Amino acid sequence: MKKLTKIDAKLDPIDRALITALHHNARASIRALSRQVGLSAPGCSERLKRLEVAGVISGFSVELDAQALGFALQALVRVKPLTGNFQVVEQLLAQMTECVVCYKITGEDSFVCHLYTNSVTHLDHTLQRITPLADTNTSIIKTVEKKLPAL
């Protein structure tokens with residue numbers, strides 16, 4: 001098997017097609033993927049293994065529907081810890097079940113958090129846990145469009 005390393009990670013059109021197909025359906029069988037990208041099943045399997053070994057594919061996951069799980073509201077919250085509270089805020093955000101993704105960022109704010117809540121009241125209670133320790137700026141998410149980066 002030709003080893004693809006992160007340093008020389010040059011994706012050819014078949015690799016790109018395989019990644020795109022997996023992005024649309026990570027549960028697709030090797031046989032279905034091989035038909036989509038024009039390879040034999042063993043060739044397709046070999047490509048997948050090579051992309052995994054190279055770290056291009058780091059895992060396969062399930063995509064959940066937040067509304068179906070009872071989370072009617074999603075919000076992005078920019079968080080700027082008050083002086084001396086950085087680590088406390090970092091720990092609080094890590095422990096909050098409403099926080100499904102938290103980015104530590106550069107710039108004026110220190111964190112951007114993606115929260116899932118079941119109502120505006122729930123969002124308000126969640127923010128009340130943060131505001132004694134940090135300034136926040138909240139945006140409610142209206143729609144989500146997930147796209148694959150250009151390959």
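In this predicted model, the crossing of helices H1 and H2 is right-handed, a crossing being right-handed if the near helix is turned clockwise from the far one by less than a right angle and left-handed if anticlockwise. The axes of H1 (residues 13-24) and H2 (residues 30-37) come within 9 Å and cross at roughly 130°, where axes are lines fitted to C-alpha atoms, for helices over the stretch in contact, and angles run from 0 to 180 degrees between N-to-C directions. The contact, defined as heavy atoms within 4.5 Å, involves Ile-14, Ala-17, Leu-18, Ala-21 and Leu-22 of H1 together with Leu-33, Gln-36 and Val-37 of H2. According to an unreviewed UniProt entry, the annotation "domain: HTH asnC-type" covers residues 11-72, a span that is 53% helix and 0% strand; helices (H or I, at least four residues) and strands (E, at least two) are DSSP runs, numbered from the N terminus.

An open antiparallel sheet is formed by 4 strands in the order S2-S3-S1-S4, two strands being paired if DSSP finds at least two bridges between them. Strands S2 (99-104) and S4 (134-140) stand at the edges with a single partner strand each, so one side of each is left without a neighbour in the sheet. Strand S1 (residues 73-81) is joined to S4 by 7 bridges, and Leu-76 has Ser-139 as its bridge partner in S4.

Residues are numbered from 1 along each chain as its sequence is written. Local features need pLDDT of at least 70, side-chain atom pairs count only at pLDDT 80 or more, and totals for chains, interfaces and linings use all residues, while side-chain values use heavy atoms, with hydrogens and water left out.

Technical notes. UniProt positions are given in the numbering used here, feature names are shortened, and annotations may be inferred rather than shown by experiment.
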